[in-house]
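Please keep the sequence and the coordinates in view while reading.

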Amino acid sequence: PQTDIEVLAIEPPDIKGFSPFPHEVWYVMDDDHANTNRFMAQPLPFGGVYRIIANEMTTFAISDPIRLSESNASPEVTLVVPKGDDIQVIVTGTDDSPVVRSPVSLWFSPYEGSQYTVHEYETNLSGETTLWRLNTDIDGSYHLLITPEHSWRATLVKNMTIVDGQVRVK
């Protein structure tokens, strides 16, 4: 699977006009122009604290915080995107009946105030869906947004709790 990589400024440097939004990275190619699974971040200013975030579809990996300075201008970071776990989500109404064909959006927040829409799912006739390959051992949190069909009321599950490989939403 394709790996997407970004640099996040979690403590932006005190520089007018610097954007804390994700910054690009470039893949490093070998002499034959083949991908080496190595990348290089665009030049970033000293004084900021950054994290590298990698994801393959629904699975994320995040580096420890990196403070750039003159003595630490080009740190090398190794990230391994794990296989992840499949998590079953069970959505029921207040009467415990399954919520059928309900859209379920999965978001990931590597830190407060940030979010990535990871994937859109839909519950089956039993009110269930499976979230694929989640890295549950990661800094950050996952959130679910459930929007039942024929309802104006959505349910937001912040910092979802996984128990025995399941998330139950009522």
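Val-104 lies in strand β8, and in this predicted model its relative accessible area is 0%, so Val-104 counts as buried, the cut-off being under 20%.

**Around Val-104**
- Leaving aside residues up to four places away in sequence, Val-104 touches His-119, Glu-120, Tyr-121, Thr-123, Thr-129, Leu-144, Leu-145 and Ile-146.
- Although Val-104 and Ile-146 are 42 residues apart along the chain, their C-alpha atoms are separated by 4.6 Å.

**The four-stranded sheet**
- Strand β8 belongs to an open sheet of four strands, in which the order is β9-β8-β11-β12 and the pairing is antiparallel.
- The edges of this sheet are formed by β9 and by β12 (155-157), each of which pairs on one side only, and the twist from one strand to the next averages 20 degrees.
- Between β11 and β12 the antiparallel pairing extends over three bridges, and Leu-144 stands opposite Val-157 of β12.

**Nonpolar cores**
- The largest nonpolar core comprises 24 residues, and those with the most contacts inside it are Leu-106, Leu-131, Leu-144 and Met-160.
- At least two residues of this core come from each of β5 (59-62), β7 (85-91), β8 (103-109), β9 (116-122), β10 (128-134), β11 (141-146) and β13 (166-169).
- Another core, of 13 residues, lies apart from it and includes Val-7, Ala-9, Val-25 and Ala-61.
- Within the largest core, Leu-131 is one of the residues with the most contacts, and, not counting residues up to four places away in sequence, Leu-131 touches Asp-85, Asp-86, Ile-87, Val-89, Leu-106, Tyr-121, Leu-144 and Met-160.
- In soluble globular proteins, nonpolar side chains tend to be buried together.

**Strand β13 and its partner**
- β13 runs parallel to β7, and four bridges join the two strands; in this pairing, Ile-90 stands opposite Arg-168 of β13.
- The covered face of β13 carries Val-167 and Val-169, whereas Gln-166 and Arg-168 are on the uncovered face.
- In a regular strand, side chains alternate between the two faces of the sheet.

**The loop between β7 and β8**
- Asp-96, which is placed in the loop between β7 and β8, has a positive phi of about 70 degrees although it is not a glycine.
- Arg-101 is also placed in the loop between β7 and β8, and although it is not a glycine either, it has a positive phi of about 50 degrees.
- Most residues other than glycine have a negative phi.
- Arg-101 has a relative accessible area of 43%, which means that it is classed as partly exposed.

**The chain as a whole**
- The protein chain has 13 strands and zero helices.
- Of its 170 residues, 38% count as buried, and the chain exposes about 10,700 Å², of which carbon and sulfur atoms supply 49%.
- Among contacts in the protein chain with a separation of 6 or more, 56% are accounted for by residues 24 or more positions apart.

Note on methods
Residues numbered from 1 in each chain as written. Predicted model: local features only at pLDDT ≥ 70, side-chain atom pairs only at ≥ 80, totals over all residues. Heavy atoms only, no water. Core = buried A, V, L, I, M, F, W, Y, C linked by side-chain atoms within 4.5 Å. Buried < 20%, exposed > 50% of the residue type's maximum accessible area, 1.4 Å probe, protein only. Contact = heavy atoms within 4.5 Å. Pairing = 2+ DSSP bridges. Axes fitted to C-alpha atoms, helices over the stretch in contact; angles between N-to-C directions. Areas by Shrake-Rupley, 256 points an atom, 1.4 Å probe, with all protein chains shown as cover.
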